[in-house]
Amino acid sequence: MAPAHLEFLAKHLHLGFYAAGEVITDPAEGAAGHCYIIKQGRVRGEISAIHEKQANWTNTTAREDKNSDPAVDEAVLVTGECFPVGALLADRPVHTVHRAVEDTFCFELDQKDFQKLLKDSAVFHNFCTRRLASLLDQALECFQAQVATKVASGETSLNAPLSRIVRRAPVTCRPQTPIREVLQAMNAARIGSMVITDTSLKPLGVFTLHDLLWRVVNSSVDRDAPIETVMTRSPLSLPPKAFGHQAVELMTRMGFGHVCVVENDRLVGVVSERDLFSLQRVGLVHLSRAIKNAPDVAELVQLGEDIHRVIDQMLAQGASVAQLTTIISQFNDHITRRVITLSLDKLGTPTCAFGWLSFGSEGRQEQTLKTDQDNGILFVPAAGANAAAVREELLPVAYRINQVLAECGFPLCPGNIMASNPECCLSLDEWKACFQNWIEHGSPMHLLKASIYFDFRAIYGDRTPVEELRRWVAERVAKNDAFLHQMAENALGNSPPLGLVRDFVVESGGEHPNTINLKLRGTTPFVDGARLLALAHGITDTNTAGRLRATAVAGGIPDEEAEAWCNAFDFIQLLRMRSHQKQESQGLTLDNHINPDTLNDLDRRILIEAFRQARKLQTRLSLDY
């Protein structure tokens, strides 16, 4: 805030004291009269369930639970937080009873002074009206600045170790190999250099396109002569732990365009000048086109690594979290489609056409840099054809596709939710029968499966049967109150990790002590809640933010609630992406765990608010369903 506005605020604040258990705000007191800023202590918000039902939360199917507690804890506010901003902005009574958890001091700003400051200070107005969104903007700007520095400095390649830059296993030959065979091998592998080694893979020389021009084409050397007669001896070499900039310095000093990566006298890879500098800026269109035209799996593996660099560049240029996860999903779609095409080229096209389905985060287009496989097949047998026979033909194809995807960096699903599983390779009628069984019976296992399979999307093949299945599911679920109730119970079983004494509830033991699983405890409550709201309103969108906004358009929730939940979800996704990039840069296995004590004050504050928004979403589900 500008100094003048901050001075106005300081001069018009009054200090109030509230003993433990004392009520600070109450809906019965009429329009909110003060803005409170907690100086010391803690305040608990209690939403009156009866009040929320009387206020009409717009869901006409909501029904009262006779056994529900009359008051539901919304949040525990701590030092530095303010309330009740929403009521002051709307000039209405509060919806929440705020009660001091312990002896508490609050700075109090009169309503008329609050309104004046709101009018005079654009910064204060932005904070009050956009709340979580304004904080998210700050966090994203900080992250973008960090990534922009990283991209500008070339950290994506020149400051990376050569072990991360090596793009494929080295192609080698022996000294006595004829030049003609070496040229044929280089052409087949689409490479610009061949390393000549002994039987223990110790580099003896290198042959490049430059050597081809000056030592073969422009001379009378017999193409059947051994390659050692035209190779460059004693090639440049560095260990895997050396950095890209060291390779550049060596190339510049010696005038060569290739460096062998050697460990214990054994060749482990080759890095070229092109490898180092082409990674400084990877274009979206270029990368998409390269993936679509990749000639083999080895090329796809290399291109998959460039996706991470594209994401760095997009962050530096100001892309939103939702845009980033969508772009990642689209690249992964391209890779999957190319893998399917290459697999069919090798195995032959099945007699029955099929559609390749993605489930889970890929189905929702919400993938971060860490993802495994959740996929299936949908087919429509010809008239009179047997579905079991078609499945037997498709399963070997599905198995190869799953295995190749694993080679491309998409680990096999531990739960076997993959197209190579006969339970995931079904006809349209079989998928309907399977889903109908889950909807009608709603056992815990059925609900768990629904939370994965109902987020399906077509990646390859005819989308018409897939869209028919999507509409069919939406219609069946919207009409089944019992299943909606069971979905709500399932969604409420995973509460946000907010504590009453400490800010967060962390894991006390196991493999990741003192951490929070940002996927399980962070994004999942939003994903589950959005799925329930969408299906209850007959919405076919699978994306979490898309579902929330579509539900708001349908009148199922207020617009401001939908946007707050989308912002909270985006921030947790941002934290996951930041954590994955950090883990990758350190050579660690990617996971979704984060220690909240490692976060800065801004990130901690936003994460607390994001979890509170998850709790508000769950409160709505508990009251409505």
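Student: What makes helix 4 roughly perpendicular to helix 5?

Tutor: Good place to start! In this predicted model, helix 4 (residues 111–120) packs against helix 5 at an angle of about 110°, and their axes lie 5 Å apart. Angles of 65 to 115 degrees count as roughly perpendicular, so helix 4 is called roughly perpendicular to helix 5.

Student: Which residues in helix 4 meet which in helix 5?

Tutor: From helix 4 come Phe114, Leu117, Leu118 and Asp120, and they meet Ala122, Phe124, His125 and Cys128 of helix 5. Sorted by class, this contact has six nonpolar, one polar and one charged residues. Asp counts as charged, while Cys and Ala count as nonpolar.

Student: What makes Met1, Leu6 and Val123 a nonpolar surface patch?

Tutor: Patch residues need over 30% relative accessible area and no salt bridge, and nonpolar side chains are joined within 5 Å. Met, Leu and Val are on the list of nonpolar side chains, and Met1, Leu6 and Val123 together make a patch of about 270 Å². Val123 brings us back to helix 5 (residues 122–130), where it is placed.

Student: How do you know that Glu46 and Arg99 meet in a salt bridge?

Tutor: Set the distance against the cut-off. The rule asks for a side-chain nitrogen of Lys or Arg within 4 Å of a carboxyl oxygen of Asp or Glu. For Glu46 and Arg99 the N to O distance is 3.3 Å, and their side chains meet in a salt bridge. Glu46 is in strand 4 (residues 43–48) and Arg99 in strand 7 (residues 96–100), so this pair ties together parts that are 53 residues apart in sequence.

Student: How many salt bridges does this rule give?

Tutor: The count comes to 25 salt bridges.

Student: What is the omega of the cis peptide bond that joins Phe83 and Pro84?

Tutor: Omega is about -10° for this cis peptide bond. Pro84 sits in the loop between strand 6 (82–83) and helix 3 (85–90).

Student: Which phi does Leu201 have, although it is not a glycine?

Tutor: Leu201 has a positive phi of about 70°. You can find Leu201 in the loop between strand 10 (193–197) and strand 11 (203–208).

Student: And where does Asn416 lie?

Tutor: Asn416 lies in the loop between helix 16 (387–407) and strand 18 (425–427). Asn416 is not a glycine, yet its phi is positive, at about 60°.

Note on methods: Residues numbered from 1 in each chain as written. Predicted model: local features only at pLDDT ≥ 70, side-chain atom pairs only at ≥ 80, totals over all residues. Heavy atoms only, no water. Patch = residues over 30% accessible without salt bridge, like charges linked within 9 Å, V, L, I, M, F, W, Y side chains within 5 Å. Areas by Shrake-Rupley, 256 points an atom, 1.4 Å probe, with all protein chains shown as cover. Helix = DSSP H or I, 4+ residues; strand = E, 2+ residues; numbered from the N terminus. Axes fitted to C-alpha atoms, helices over the stretch in contact; angles between N-to-C directions. Parallel < 35°, antiparallel > 145°, perpendicular 65-115°, else oblique. Contact = heavy atoms within 4.5 Å.
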